[in-house]
Amino acid sequence: MPKSFQQKLKILYLMRVLMEKTDENHPMTIKELIAHLDDCGISVERKTLYDDIETLRVFGMDIVSRREKPSGFYLASREFELAELKLLVDAVQSSKFITTGKSRQLIRKLESLTSVHQAKLLQRQVFVENRVKTVNEGIYYNIDQIHTAISSNRQISFQYYEWTVSKEMRLRKDGERYRVSPWGMIWKDENYYLIGLDENSNVVKHYRVDKMMKIRVEQDQRNGGEIFEGFDAAQFATRTFGMFGGRDETLCMEFENRFVGVVIDHFGQEVMIHRKDEEHFATLVHVNVSSQFFGWLAGLGPGAVIISPESVRAEYKEFLEKALGNYRDKNT
């Protein structure tokens, strides 16, 4: 190997070993660095190595020389701090829409952003709990295709699947392709959802991105611009319980004071709170009335009451009576 080419490789190998194997608790001495480069087939003198380290410092690498034990050189700062990487690893692992395989790939890439020693601390975070994950390996492709369609103002088509009681994936509508004008994506209940205009019904709908298959960007331009011009995706997510569809209603509701945090957590700090008495408050909320909303309300027990409209009160009462019917003695 020509000497000039070997010298070019030398500083690259030095940069890599400092990035991969050193941190504040694991510095490398000049002797150890020389030995590592020798293992890579590159011979280097001590004085030259000092000059190369200084070159990397001028280049912008935060290389520190420690005199106390353990002594040596190490990379003191990186693009991501260890605490930030731990946060990202846990976010990847806890994301239901990312498959187990893709989670492992992403985490391995995140580990490469720190030293091999600190990467072990990230590995211990990976399997904190046995979280449920999606099985759709095409999730990355789906997200990429949706963003491509949005940026190019195009419609998309796709197949949509559901689970059967035998735990098999079955295509909805016998595999017929859905046609949608995509306008955005939101994160809700640990899942990714596409928000768009259904081209067949001309209705705004949402779809689980991990349940979409064989996405295709179409040549037709999107429709629904006038609908989505003032569309608030965050507000849509707030009023849609469990991301199940329903009709929009404005409800007057009464809650016990102990539920004020629950109401603010779900509807946001802008929600109106009106003190009714020492133990209760009233509020107006915009929701998609659905069985999922009723289920959420039932979970709060008698401390949450729908005041109006009367039609929704009657609907909720019917919901509770049907649920209670499953527990009545069938002989009575």
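This is a predicted model: local features need pLDDT of at least 70, side-chain atom pairs count only at pLDDT 80 or more; totals for chains, interfaces and linings use all residues.

Residues are numbered from 1 along each chain as its sequence is written, and side-chain values use heavy atoms, with hydrogens and water left out.

**Overall fold**
- The protein has twelve helices and twelve strands, taken as DSSP runs (helices H or I, at least four residues; strands E, at least two) numbered from the N terminus.
- Of its 332 residues, 37% are buried, that is, under 20% relative accessible area, with exposed meaning over 50% and partly exposed in between (1.4 Å probe, protein chains only).

**Helix pair**
- The axes of α2 (residues 30–39) and α3 (residues 46–59) lie 11 Å apart at an angle of about 95 degrees; axes are lines fitted to C-alpha atoms over the stretch in contact, and angles run from 0 to 180 degrees between N-to-C directions.
- The two helices, α2 and α3, are therefore roughly perpendicular, a class spanning 65 to 115 degrees.
- Ile30, Leu33, Ile34 and Leu37 of α2 meet Arg46, Leu49, Tyr50 and Ile53 of α3, where contact means heavy atoms within 4.5 Å.

**Surface patch**
- A nonpolar surface patch is formed by Phe80, Leu88 and Leu113; members of such a patch have over 30% relative accessible area and no salt bridge, and nonpolar side chains (Val, Leu, Ile, Met, Phe, Trp, Tyr) are joined within 5 Å.
- Phe80 is located in the loop between β2 (72–75) and α4 (82–94).
- Phe80 counts as partly exposed because its relative accessibility is 33%.

Definitions and conventions. Patches are made of residues with over 30% relative accessible area and no salt bridge: like charges are joined within 9 Å, nonpolar side chains (Val, Leu, Ile, Met, Phe, Trp, Tyr) within 5 Å. Accessible areas come from the Shrake-Rupley method with a 1.4 Å probe; for residues, only the protein chains shown count as cover. A salt bridge is a side-chain nitrogen of Lys or Arg within 4 Å of a carboxyl oxygen of Asp or Glu. Angles under 35 degrees count as roughly parallel, over 145 as roughly antiparallel, 65 to 115 as roughly perpendicular and the rest as oblique.
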